[in-house]
Amino acid sequence: MATNAAGRKPETQLALVRRARKMNRVLAETYPDAHCELDFGNPLELLVATILSAQCTDKRVNMVTPVLFAKYPAAEGYAAADRSEMEEIIRSTGFFRAKTNSIIGMAQAICERHGGEVPGKLKDLVKLPGVGRKTANVVLGNAFGVPGLTVDTHFQRLVRRFGWTEETDPVKIEHIVGELLPKRDWTIFSHRVIWHGRRICHSRRPACGVCPLAALCPSFGTGPADAETAAKLVKSGPFS
């Protein structure tokens, strides 16, 4: 049985699956236009943008990438890039030296191992410098159409609030949530959750009183339950 919030009876796995899928349907109705909010035109651009998005907003990344993508249209360009020039372009995204190392290293590995083309398999992507499972799943799901769960900070926070798991390890969370939902929904569900986390289910004061998942969420009341107060906490998109 899955552990639920204090004061509630534990759920059977079947009951949890049913609740999870109903919550997914509600999110689908709430965010019919949910999508990746990073701008990209091909797998390489998405890979670079996702690396840049660490500890940075998608909006800021999207302000930087047009110049970056124009200067380095292929992996070979990134691999041979002048480090100081790239650092200057991406400086505003934060941690620009480490991100430059990751991007150049990633591009060199792609050129050496994959003929300059971004690989379309998880096992190959996670071996690239600066690419973990989260980044790999973003690229697979949005550039290659391969279902994947993007377990970022929003995702982790929300699925724990939903009472789906108490795990804090991203890989364990990925596998647990993957067992609750159809594989075909993994990528779009990730977007729906991230959109919900950015707009309503905030870290400190979630807008519980206007949340469409209120009746299904064991954490209802974490934020203001009064609709008028909660409505003032809602943030509007897009965040790109």
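**Figure 1. Overall fold of the protein chain.** Read from one end of the sequence to the other, the protein chain of this predicted model follows the pattern α-α-α-α-α-α-α-α-α-α-α-α, which comes to twelve helices and zero strands. The C-alpha trace spans about 60 × 35 × 25 Å along its principal axes, and the radius of gyration of 19 Å agrees with the value near 18 Å that a compact globule of 240 residues would have. Buried residues make up 50% of the 240 residues, and among contacts with a separation of 6 or more, 58% are between residues 24 or more positions apart.

**Figure 2. Surface and charge of the protein chain.** The protein chain exposes about 11,800 Å², of which carbon and sulfur atoms supply 52%. Its side chains include 33 positive and 24 negative ones, and the centres of these two sets lie 6 Å apart.

**Figure 3. Helix α8 and the helices it packs against.** Helix α8 covers residues 133-143, and its buried residues are Thr135, Ala136, Asn137, Val138, Val139, Leu140 and Gly141. These buried residues pack against α2 (43-52), α7 (122-125), α10 (170-178) and α11 (186-199). Just after α8, the backbone at Gly145 takes a positive phi of about 70°.

Figure 4. Gly148 lies in the loop between α8 and α9 (153-161), and it counts as buried because its relative accessibility is 4%. The C-alpha atom of Gly148 is separated by 21 Å from that of Thr30, a residue 118 positions away along the chain.

**Figure 5. Cysteines without a disulfide partner.** The count of disulfides in the protein chain comes to zero, where a pair of cysteine sulfur atoms would have to lie within 2.5 Å. Cys36 is in no disulfide, and the nearest cysteine sulfur, which belongs to Cys56, is 14 Å away.

Figure 6. Residues up to four places away in sequence not being counted, Ser219 touches Arg161 and Cys208.

Figure 7. Gln55 lies in the loop between α2 and α3 (58-71) and has a positive phi of about 55°, although it is not a glycine. With a relative accessibility of 68%, Gln55 counts as exposed. Phe95, likewise not a glycine, has a positive phi of about 50° and is found in the loop between α5 (83-90) and α6 (96-114). The relative accessibility of Phe95 is 59%, which means that this residue, too, counts as exposed.

Methods: Residues are numbered from 1 along each chain as its sequence is written. This is a predicted model: local features need pLDDT of at least 70, side-chain atom pairs count only at pLDDT 80 or more; totals for chains, interfaces and linings use all residues. Side-chain values use heavy atoms; hydrogens and water are left out. Helices (H or I, at least four residues) and strands (E, at least two) are DSSP runs, numbered from the N terminus. The radius of gyration is taken over C-alpha atoms; the globule rule is 2.2 Å times the number of residues to the power 0.38. Buried means under 20% relative accessible area, exposed over 50%, partly exposed in between (1.4 Å probe, protein chains only). Contact means heavy atoms within 4.5 Å. Accessible areas come from the Shrake-Rupley method with a 1.4 Å probe; for residues, only the protein chains shown count as cover. Lys and Arg count as positive and Asp and Glu as negative; His and the chain ends are not counted. The place of a charge is taken as NZ of Lys, CZ of Arg, CG of Asp or CD of Glu.
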